[in-house]
Structure formats: structure tokens, C-alpha cells
Amino acid sequence: MASPSQSSPMATNSNSNSAGVIGQTANNASTGSGSNATTSNAKASTGAENQPILTKPRLMELVREVDTTAQLDEDVEELLLQIADDFVEDAVKATCAFAKHRKVSKVEVRDVQLHLERKWNMWIPGFGTDELRPYKRAAITEAHKQRLALIRKTIKKY
């Protein structure tokens, strides 16, 4: 993450009203409402901002999909819910900053893709461009080459 002294399109003041439609879009997206981006700030700040993105029943449903016998402590549930809220809030703020940097009033899929790829090294296939993503092969280290040579040597003995 960039330090406060570094200038970056991610560094935005969430309390400023100069964001215009983009700021309203961020408020609407963080509340989970599907309302139009031209709604007033009064509507966007009606207290719906405090509603969590992920609820406890939905979290337990996701946990049961992974492991039917798993149980979460109350502290773990709260932590996971907070992480989900922080992730979405961070993504919305960053994508709004990217759209603002491009001098447009609409957040597009490519803004979200850019944020997810840069910050989380995630690529969601099927959205945005249809171009094939180049596969980056990991660099083979010298230690790995030595381990492979040792394995091949022991296999040849038998």
C-alpha cells in the first residue's frame, strides 16, 4: 500500500463532496443498493451504509458449502464479516478513484479488474475484454533445479 507521502490515484478523501457522481456511486455500491448513480447524497447516507455486505447466516452457508462439519467462533465470524466489508469498501473506493482519474463519471468493469489485479493479483474471467491473458510461467530458481537434478539422479538408480 502506498505511504501517505506518495501520490496515487488510490489516495482519495472519502469525506470530500467533490467526487460528484463517482462519490455517489461509491456510497450506493458500498450500501449494496442498486439505485441509480444520480441519487442525492441524502438518500445514500440514510444509515444503509452500516449494513454489512455479508451477513452471518450467509457466512455460515458459505462455510457449510466448504465443510459441513466446520464451526466458527464468534470472534472468527466477526473478523470474517469485517474483512468482507473492508474488501468491498476498499474495492469501491479504488475503482471510483480509477474512474475519476480517467475523467469519467461511471465506474466500469475495467476499473474493478485493474484494482483486483494490481492489489490482489486476481483476474475474474468472463468480464470486460475478451483478450486471452498471457500465462506467466514462474521463474525456476537454482535451488529448484538442484532438487530436480537430485530427484532425477535417485530415479535413475532404480
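Let's start where two helices meet: the axes of α3 and α4 come within 11 Å and cross at roughly 100°. Axes here are lines fitted to C-alpha atoms, for helices over the stretch in contact, with angles running from 0 to 180 degrees between N-to-C directions. The two helices are therefore roughly perpendicular (65 to 115 degrees). On the α3 side, the contact (heavy atoms within 4.5 Å) is made by Lys56, Leu59 and Met60, and on the α4 side by Glu74, Glu77, Glu78, Leu80 and Leu81. By class, that gives four nonpolar, no polar and four charged residues.

All this comes from a predicted model, where local features need pLDDT of at least 70, side-chain atom pairs count only at pLDDT 80 or more, and totals for chains, interfaces and linings use all residues. Residues are numbered from 1 along each chain as its sequence is written, and side-chain values use heavy atoms, leaving out hydrogens and water.

Now look at the largest nonpolar core, made up of Leu54, Leu59, Val63, Leu81 and Ala84. Such a core joins buried nonpolar residues through side-chain atoms within 4.5 Å, buried being under 20% relative accessible area, exposed over 50% (1.4 Å probe, protein chains only). Both α3 (56-66) and α4 (74-101) supply at least two of its residues.

Finally, visit two loops. Lysine 103, between α4 and α5 (109-120), has a positive phi of about 60° and is exposed at 74% relative accessibility. Asparagine 121, in the loop between α5 and α6, has a positive phi of about 55° and is exposed at 68%.

Key. Helices (H or I, at least four residues) and strands (E, at least two) are DSSP runs, numbered from the N terminus. Angles under 35 degrees count as roughly parallel, over 145 as roughly antiparallel, 65 to 115 as roughly perpendicular and the rest as oblique. Ala, Val, Leu, Ile, Met, Phe, Trp, Tyr, Cys and Pro count as nonpolar, Asp, Glu, Lys and Arg as charged, and the others, Gly among them, as polar.
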